[in-house]
Amino acid sequence: MTIRIKDVAKEAGVSTATVSHVINDTKFVSDEVKLKVEEAMKRLQYIPNMVARSLRSRKSNTIGLIVPIKANDNSNNFFISVANGIEDVLRKNGYHLLLSNSHEDPIEEIERIKMFNTQRIDGLIIAPTSGITRDNCSLFGNYPIVFFDRRPEGVTGDWILVDGMKSAYNGVSALIKKGHRKIGFIAGRMDIPTSKDRFNGYRKALEDYGIGFNEEYIRIGDLNRASGYEMTKELIGQEAITAVFVANNAMSLGAVKYLKENHYDIPGDIALIGFDDYEWTGIVHPPLSVIRQPSSEVGRKAAEIMLKRIKRSGSKCQGHLLEAELVVRGSF
């Protein structure tokens, strides 16, 4: 026997229109009535026709997500945690998530966006590459956008970021308070906003504590473990530094690998603070002090912002900053 919407209405003691409003979220229904309808649907094992619902409402109840994960890059831990936070909120609100990867490649990113434009998504959440600018932002479809982790200059959309400048400032300040004055800085390309923000935090901490900025203490490489290894090798070999702040998770692993392989004492020879708190950071010897980003919270907040934007499309776009935590262990 096929269960229809009128059967649910009869079971719940409401009109078919009320059941429709609950299913399609097209009109306010009190929590009490909504609960009665949902319980009736469960008892009758009624499953709404999502295709018909989509055609009626012109909504797909699907949100696209684009992340920039490169091969052999442990940043996937951060982005997977963000994706889990997004999906948790969307699922509870009747939405589905479609995940795609730009591989940190601007050309691939454009292809991913074009693909989503054919999927009738209701919104797009994206950690953009350096390829998204005000000159090509018209490639997005007619849907709301929420940027996370990075925010492209001059592009309209809501955004949710971790305060990278403050995070780096706090980490470098902690090294300074331990007596370090010659502090190296290792990061990824400066065309990526997170790298630039963390560099600005490093420089501001030196300035506030009256320590001169030395360009020779800066190493900029690729966002991967191999680059972190090479940048550390180059920096330690050429400069008389006593501490290093590594502004990227994959590069942090490379830095630790180099120091361990070459028998540097941490923190006796070199004090070290890395970025992001993964399992390995707590089990190396000594445990690595890190900047811990609230990755799941970033995801949850991004999804909440998206759902609000879908309901109130005309409101002004907003930005949100979350704070990271300095986790002090044994590396400085």
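## Enclosed cavities

A cavity is a set of grid points where a 1.4 Å probe fits but cannot get out, and its lining residues have an atom within 4 Å of such a point. The model examined here is predicted. By this rule, it contains two cavities of 30 Å³ or more.

The largest cavity has a volume of about 200 Å³. Its lining is made up of 20 residues, and those nearest the centre are D149, R150, T194, N248 and N249. Helix α8 gives the largest share of this lining, three residues. Both α5 (76–92) and α8 supply at least two residues of the lining of the largest cavity. By class, the lining of the largest cavity comprises six nonpolar, seven polar and seven charged residues.

The second largest cavity holds about 40 Å³ of space. Its lining consists of V256, K260, I266, L272, V284, H285, P286, L288 and S331. Six of the residues lining the second largest cavity are nonpolar, two are polar and one is charged.

## The second largest pocket

Unlike a cavity, a pocket is an open set of points. The second largest pocket has a volume of about 530 Å³. It is lined by 30 residues, of which R151, P152, E153, P193 and D197 are the closest to its centre.

Three elements, β5 (158–162), α7 (164–177) and α8 (193–208), each contribute at least two residues to the lining of the second largest pocket. The largest share, five residues, is supplied by α8. Helix α8 also provides the largest share of the lining of the largest cavity. In the lining of the second largest pocket, 14 residues are nonpolar, six are polar and ten are charged.

## Salt bridges

Side chains of opposite charge can pair when their charged atoms come close. With a cut-off of 4 Å between a side-chain nitrogen of Lys or Arg and a carboxyl oxygen of Asp or Glu, the count for this model comes to 16 salt bridges.

One of these salt bridges joins D191 and R189, whose closest N and O atoms are 3.0 Å apart. D191 is partly exposed, with a relative accessible area of 42%, and R189 is also partly exposed, at 25%.

## A bridge between a helix and a strand

Which residue forms a salt bridge with E234? The partner is R219, and the N to O distance is 2.9 Å. This pair links distant parts of the chain, with E234 in helix α9 (residues 225–238) and R219 in strand β7 (residues 218–220), 15 residues apart.

Is R219 buried or exposed? R219 counts as buried because its relative accessibility is 6%, and buried means under 20%. E234, with a relative accessible area of 33%, is partly exposed.

R300 and E297 form a salt bridge in which the closest N and O atoms are 3.1 Å apart. Because the two residues are three residues apart in helix α12 (residues 295–311), about one helical turn separates R300 from E297. Both partners are partly exposed: R300 has a relative accessibility of 31%, and E297 has one of 32%.

Note on methods
Residues are numbered from 1 along each chain as its sequence is written. This is a predicted model: local features need pLDDT of at least 70, side-chain atom pairs count only at pLDDT 80 or more; totals for chains, interfaces and linings use all residues. Side-chain values use heavy atoms; hydrogens and water are left out. On a 1 Å grid over the protein atoms alone, a cavity is a set of points where a 1.4 Å probe fits but cannot get out, and a pocket is an open set with protein on both sides within 12 Å along at least five of seven lines; lining residues have an atom within 4 Å of a point. Grid points are joined across faces, edges and corners, and a volume is the space filled by probe spheres set on the points. Helices (H or I, at least four residues) and strands (E, at least two) are DSSP runs, numbered from the N terminus. Ala, Val, Leu, Ile, Met, Phe, Trp, Tyr, Cys and Pro count as nonpolar, Asp, Glu, Lys and Arg as charged, and the others, Gly among them, as polar. Buried means under 20% relative accessible area, exposed over 50%, partly exposed in between (1.4 Å probe, protein chains only).
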